[in-house]
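Hello,

Here is the structure I promised to pass on to you. Please have a look at it first, and then read my notes below.

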Amino acid sequence: MEASKRIKKMGVKKNPPKRRKKTQSLRTLSFSMAILLMLFAYFTFSLRASVSSLDNQLASQKKEIEDLDKTKKSLASQLEGIKNSEEIINVAKFQLGMVYPEEDQLVYLDVPRQETEEELLEHSYLNPVISVLKFFK
(Lines give C-alpha, C1' and ligand atoms only; values in the text may rest on other atoms or scores of the structure.)
Protein backbone atom coordinates (compact mmCIF):
# COMPACT_ATOMS: atom_id res chain seq x y z
CA MET A 1 0.00 0.00 0.00
CA GLU A 2 2.86 2.28 0.58
CA ALA A 3 3.69 2.22 -3.09
CA SER A 4 0.24 3.35 -4.03
CA LYS A 5 0.41 6.19 -1.53
CA ARG A 6 3.74 7.28 -2.94
CA ILE A 7 2.33 7.28 -6.44
CA LYS A 8 -0.57 9.43 -5.34
CA LYS A 9 1.77 11.87 -3.67
CA MET A 10 3.95 12.18 -6.75
CA GLY A 11 1.00 13.03 -8.88
CA VAL A 12 1.38 10.13 -11.25
CA LYS A 13 -1.90 8.53 -12.06
CA LYS A 14 -2.39 4.91 -12.95
CA ASN A 15 -4.07 3.95 -16.20
CA PRO A 16 -7.63 3.33 -15.34
CA PRO A 17 -8.75 -0.27 -15.86
CA LYS A 18 -11.57 1.00 -18.06
CA ARG A 19 -9.14 1.44 -20.96
CA ARG A 20 -8.20 -2.19 -20.83
CA LYS A 21 -11.83 -3.13 -20.84
CA LYS A 22 -12.42 -0.88 -23.84
CA THR A 23 -9.55 -2.42 -25.81
CA GLN A 24 -10.69 -5.90 -24.87
CA SER A 25 -14.26 -5.08 -25.83
CA LEU A 26 -13.00 -3.61 -29.14
CA ARG A 27 -11.02 -6.78 -29.83
CA THR A 28 -14.04 -8.95 -28.99
CA LEU A 29 -16.28 -6.78 -31.15
CA SER A 30 -13.87 -6.86 -34.09
CA PHE A 31 -13.44 -10.63 -33.71
CA SER A 32 -17.22 -11.07 -33.63
CA MET A 33 -17.62 -8.86 -36.71
CA ALA A 34 -14.95 -10.86 -38.54
CA ILE A 35 -16.75 -14.11 -37.75
CA LEU A 36 -20.08 -12.64 -38.85
CA LEU A 37 -18.49 -11.39 -42.07
CA MET A 38 -17.06 -14.86 -42.76
CA LEU A 39 -20.43 -16.50 -42.11
CA PHE A 40 -22.15 -14.01 -44.40
CA ALA A 41 -19.57 -14.67 -47.13
CA TYR A 42 -19.97 -18.45 -46.70
CA PHE A 43 -23.76 -18.30 -46.99
CA THR A 44 -23.56 -15.90 -49.92
CA PHE A 45 -21.22 -18.20 -51.84
CA SER A 46 -23.24 -21.30 -51.00
CA LEU A 47 -26.43 -19.60 -52.22
CA ARG A 48 -24.69 -18.52 -55.41
CA ALA A 49 -23.51 -22.08 -55.94
CA SER A 50 -27.01 -23.48 -55.51
CA VAL A 51 -28.45 -20.82 -57.85
CA SER A 52 -25.80 -21.71 -60.42
CA SER A 53 -26.67 -25.40 -60.08
CA LEU A 54 -30.37 -24.64 -60.57
CA ASP A 55 -29.55 -22.53 -63.64
CA ASN A 56 -27.65 -25.46 -65.13
CA GLN A 57 -30.57 -27.79 -64.45
CA LEU A 58 -32.97 -25.31 -66.02
CA ALA A 59 -30.80 -25.02 -69.13
CA SER A 60 -30.62 -28.81 -69.50
CA GLN A 61 -34.41 -29.10 -69.07
CA LYS A 62 -34.96 -26.44 -71.75
CA LYS A 63 -32.62 -28.32 -74.11
CA GLU A 64 -34.50 -31.56 -73.43
CA ILE A 65 -37.83 -29.82 -74.14
CA GLU A 66 -36.47 -28.50 -77.45
CA ASP A 67 -35.27 -31.99 -78.41
CA LEU A 68 -38.65 -33.49 -77.53
CA ASP A 69 -40.43 -30.82 -79.57
CA LYS A 70 -38.23 -31.65 -82.58
CA THR A 71 -38.99 -35.35 -82.14
CA LYS A 72 -42.72 -34.61 -81.85
CA LYS A 73 -42.69 -32.57 -85.06
CA SER A 74 -40.75 -35.31 -86.85
CA LEU A 75 -43.21 -37.99 -85.70
CA ALA A 76 -46.18 -35.81 -86.68
CA SER A 77 -44.79 -35.39 -90.19
CA GLN A 78 -44.17 -39.15 -90.42
CA LEU A 79 -47.75 -39.79 -89.30
CA GLU A 80 -49.09 -37.46 -91.98
CA GLY A 81 -46.97 -39.32 -94.52
CA ILE A 82 -48.35 -42.66 -93.37
CA LYS A 83 -51.92 -41.41 -93.55
CA ASN A 84 -51.37 -40.38 -97.14
CA SER A 85 -52.31 -43.36 -99.38
CA GLU A 86 -49.83 -42.35 -102.09
CA GLU A 87 -47.03 -42.72 -99.59
CA ILE A 88 -48.27 -46.22 -98.70
CA ILE A 89 -48.42 -47.16 -102.38
CA ASN A 90 -44.88 -45.87 -102.98
CA VAL A 91 -43.51 -47.79 -99.99
CA ALA A 92 -45.32 -50.95 -101.09
CA LYS A 93 -44.08 -50.70 -104.68
CA PHE A 94 -40.52 -49.52 -104.25
CA GLN A 95 -39.41 -50.71 -100.83
CA LEU A 96 -41.39 -53.95 -100.58
CA GLY A 97 -41.51 -54.79 -104.29
CA MET A 98 -45.29 -55.26 -104.38
CA VAL A 99 -47.36 -54.85 -107.55
CA TYR A 100 -51.06 -54.66 -108.30
CA PRO A 101 -52.55 -58.02 -109.37
CA GLU A 102 -53.64 -58.52 -112.95
CA GLU A 103 -57.20 -59.54 -113.85
CA ASP A 104 -56.32 -63.20 -114.40
CA GLN A 105 -54.68 -63.35 -110.96
CA LEU A 106 -57.83 -62.37 -109.10
CA VAL A 107 -59.65 -65.22 -107.43
CA TYR A 108 -63.03 -64.75 -105.80
CA LEU A 109 -64.00 -67.03 -102.95
CA ASP A 110 -67.49 -67.82 -101.85
CA VAL A 111 -67.60 -67.32 -98.11
CA PRO A 112 -70.51 -68.91 -96.28
CA ARG A 113 -72.82 -66.63 -94.45
CA GLN A 114 -72.33 -66.65 -90.71
CA GLU A 115 -75.37 -67.24 -88.61
CA THR A 116 -76.41 -64.60 -86.14
CA GLU A 117 -76.86 -65.25 -82.43
CA GLU A 118 -80.63 -65.36 -82.80
CA GLU A 119 -80.42 -68.07 -85.46
CA LEU A 120 -77.98 -70.07 -83.32
CA LEU A 121 -80.33 -69.88 -80.33
CA GLU A 122 -83.27 -70.89 -82.49
CA HIS A 123 -81.38 -73.90 -83.82
CA SER A 124 -80.19 -74.92 -80.38
CA TYR A 125 -83.81 -75.31 -79.23
CA LEU A 126 -84.78 -77.21 -82.35
CA ASN A 127 -81.75 -79.53 -82.41
CA PRO A 128 -83.17 -82.11 -79.99
CA VAL A 129 -86.46 -82.23 -81.89
CA ILE A 130 -84.69 -82.60 -85.24
CA SER A 131 -82.43 -85.34 -83.94
CA VAL A 132 -85.48 -87.30 -82.67
CA LEU A 133 -87.25 -86.89 -86.03
CA LYS A 134 -84.17 -88.09 -87.91
CA PHE A 135 -84.06 -91.13 -85.68
CA PHE A 136 -87.56 -92.20 -86.83
CA LYS A 137 -86.98 -91.74 -90.53
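What pattern does the chain follow, read along the sequence? The pattern is α-α-α-α, and the chain holds 4 helices and 0 strands. Helices (H or I, at least four residues) and strands (E, at least two) are DSSP runs, numbered from the N terminus.

Before the details, a word on the source. This is a predicted model, in which local features need pLDDT of at least 70 and side-chain atom pairs count only at pLDDT 80 or more, while totals for chains, interfaces and linings use all residues. Residues are numbered from 1 along each chain as its sequence is written, and side-chain values use heavy atoms, with hydrogens and water left out.

How confident is the predictor? The pLDDT, its confidence in each residue from 0 to 100, averages 80 over the chain, and 75% of the residues score at least 70.

The chain has 137 residues, of which buried ones make up 1%. Here buried means under 20% relative accessible area, exposed over 50%, and partly exposed in between (1.4 Å probe, protein chains only). The accessible surface of the chain comes to about 14,400 Å², and 62% of that belongs to carbon and sulfur atoms. These areas come from the Shrake-Rupley method with a 1.4 Å probe; for residues, only the protein chains shown count as cover.

One nonpolar surface patch is made of Leu26, Leu29, Phe31, Met33, Ile35, Leu36, Leu39, Tyr42 and Phe43, with about 970 Å² of accessible area together. Patches take residues with over 30% relative accessible area and no salt bridge, joining like charges within 9 Å and nonpolar side chains (Val, Leu, Ile, Met, Phe, Trp, Tyr) within 5 Å. Leu26 lies in helix H2 (residues 17-83) and counts as exposed because its relative accessibility is 56%.

The count of aromatic pairs comes to 1. Tyr42 and Phe43 form this edge-to-face pair, 5.5 Å centre to centre with 65° between the planes. Rings of Phe, Tyr and Trp (its six-membered ring) pair if their centres lie within 6.5 Å; planes under 30 degrees apart count as stacked, over 60 as edge-to-face and the rest as tilted. Tyr42 is exposed at 55% relative accessibility, whereas Phe43 is partly exposed at 49%.

There is also 1 salt bridge, meaning a side-chain nitrogen of Lys or Arg within 4 Å of a carboxyl oxygen of Asp or Glu. Lys63 forms it with Asp67, the closest N and O atoms being 3.9 Å apart. Both residues lie in helix H2, 4 residues apart, about one turn of the helix.

Finally, Tyr100 sits in the loop between helix H3 (85-95) and helix H4 (117-136). Leaving out residues up to four places away in sequence, Tyr100 touches Ile89 and Lys93, where contact means heavy atoms within 4.5 Å.

Best wishes

Notes
pLDDT is the predictor's confidence in each residue, from 0 to 100.
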